[in-house]
Amino acid sequence: MFDFLEYEFMQNTLILLLIISPVFGLLSTMVVNNKLAYFSDALGHSAYMGIALGLLIGMTTSSIIPILIFSSIFSILLVLIKRSFRESPDTVIGIISSISLALGIIILSNYGGIQKFSSLLVGDPLLVDKSELIYLLILGVTICIIFSIIYKKMILINIDKSLARSKGINPTKYEIIFTLIIAIAVSISINIIGVLLINSLFILPAATSKNISKNMKQYVIFSVTISVLSSIIGLLVSYYFAAYKLPTGASIVVICGLAYIVSLVIKKLNR
């Protein structure tokens, strides 16, 4: 059963999933609670704009830095526009995402076309190397620490913003911090795992957990557990059914989706 561990690339991929899946499982709870389900997807698409801006200013050796810069600006704009104009998050995300993606495509068309950067969409976890695992581990630990610090405050903000303000909590400040965390997570990992897997891990674990949990503690624990198990099972499925050419990222997404369907059945039976 564990013969897949004989290969170094499979070992690296397993370690990668054990690092990122708990992080995305944690962040997923707040993404779903704050109705930011499309935010991670929009950030992924905005990455094309980040690359385009990087090329315009001569940053051709690495795409991570321009993606990180633009994603951070994108996340801050989201919060500020939502606060200033009282627009719904989905509307704001759609407007900014559409404009940034369109501008990115226009610019990239002069640098070999968007097809040259299509790997951002699907990624390939199997290509990760040990050097990337190190900075991803540092990133994961840092995000978990920051998340644990702001978690209760974010819960209170989500429940009652007026009560949060009365306790000296600035909702805008903490929403910006949280969206910046998401922006960093997406920017650092997008080249490795792609937009498809990132978006799924930001939504499906918490959405599944919400159907079967009875309190916030269970909600977080189940979300992390579902994210980790789905990632491992998806990796094993893609390995043992390699003859069917099942991409690892897509397999993980399908497993997450099946878990969500099972949770819906359980929720209905409990009712």
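Predicted model: local features only at pLDDT ≥ 70, side-chain atom pairs only at ≥ 80, totals over all residues.
I began with Ile20, which I found in helix H1, residues 8-33 (helices, H or I, of at least four residues, and strands, E, of at least two, are DSSP runs numbered from the N terminus). Ile20 counts as buried because its relative accessibility is 5% (buried is under 20% relative accessible area, exposed over 50% and partly exposed in between, with a 1.4 Å probe and protein chains only).

Residues are numbered from 1 along each chain as its sequence is written, and side-chain values use heavy atoms, with hydrogens and water left out.

Next I turned to Ser72 in helix H3, residues 64-85, which is buried with a relative accessible area of 17%. Its side chain reaches the backbone oxygen of Leu68 at 2.8 Å, and, leaving aside neighbours within four places in sequence, Ser72 is in contact with Leu180 and Ala183 (contact means heavy atoms within 4.5 Å).

I then took up the pairing of helix H6 (residues 130-159) with helix H8 (residues 171-212), whose axes come within 10 Å and cross at roughly 155° (axes are lines fitted to C-alpha atoms, for helices over the stretch in contact, and angles run from 0 to 180 degrees between N-to-C directions). H6 and H8 are therefore roughly antiparallel to each other (under 35 degrees counts as roughly parallel, over 145 as roughly antiparallel, 65 to 115 as roughly perpendicular and the rest as oblique). H6 passes H8 in a left-handed crossing (the near helix is turned anticlockwise from the far one by less than a right angle; clockwise would be right-handed). By class, this contact of H6 with H8 has 18 nonpolar, 1 polar and 3 charged residues (Ala, Val, Leu, Ile, Met, Phe, Trp, Tyr, Cys and Pro count as nonpolar, Asp, Glu, Lys and Arg as charged, and the others, Gly among them, as polar). Among the residues that meet are Ile143, Phe147 and Ile157 in H6, and Tyr174, Phe178 and Ile188 in H8.

In the loop between helix H7 (161-166) and H8 I looked up Ile169, which is buried at a relative accessible area of 11%. Its C-alpha atom is separated by 8.2 Å from that of Ile157, 12 residues away along the chain. Not counting residues up to four places away in sequence, Ile169 touches Lys153, Leu156, Ile157, Ala164 and Tyr174.

I ended with H8 and helix H10 (residues 248-270), whose axes come within 9 Å and cross at roughly 15°; H8 and H10 are therefore roughly parallel to each other. Their crossing is left-handed, and the residues of the contact divide into 13 nonpolar, 6 polar and 1 charged.

Asn211, in helix H8, is buried with a relative accessible area of 12%. Its side chain makes a polar contact with the side chain of Ser263 at 3.0 Å (a pair of N or O atoms within 3.5 Å; within protein, one must be able to donate a hydrogen and the other to accept it, and residues adjacent in sequence count only if both atoms are side-chain atoms). The side chain of Asn211 also reaches the backbone oxygen of Ala207 at 3.4 Å.
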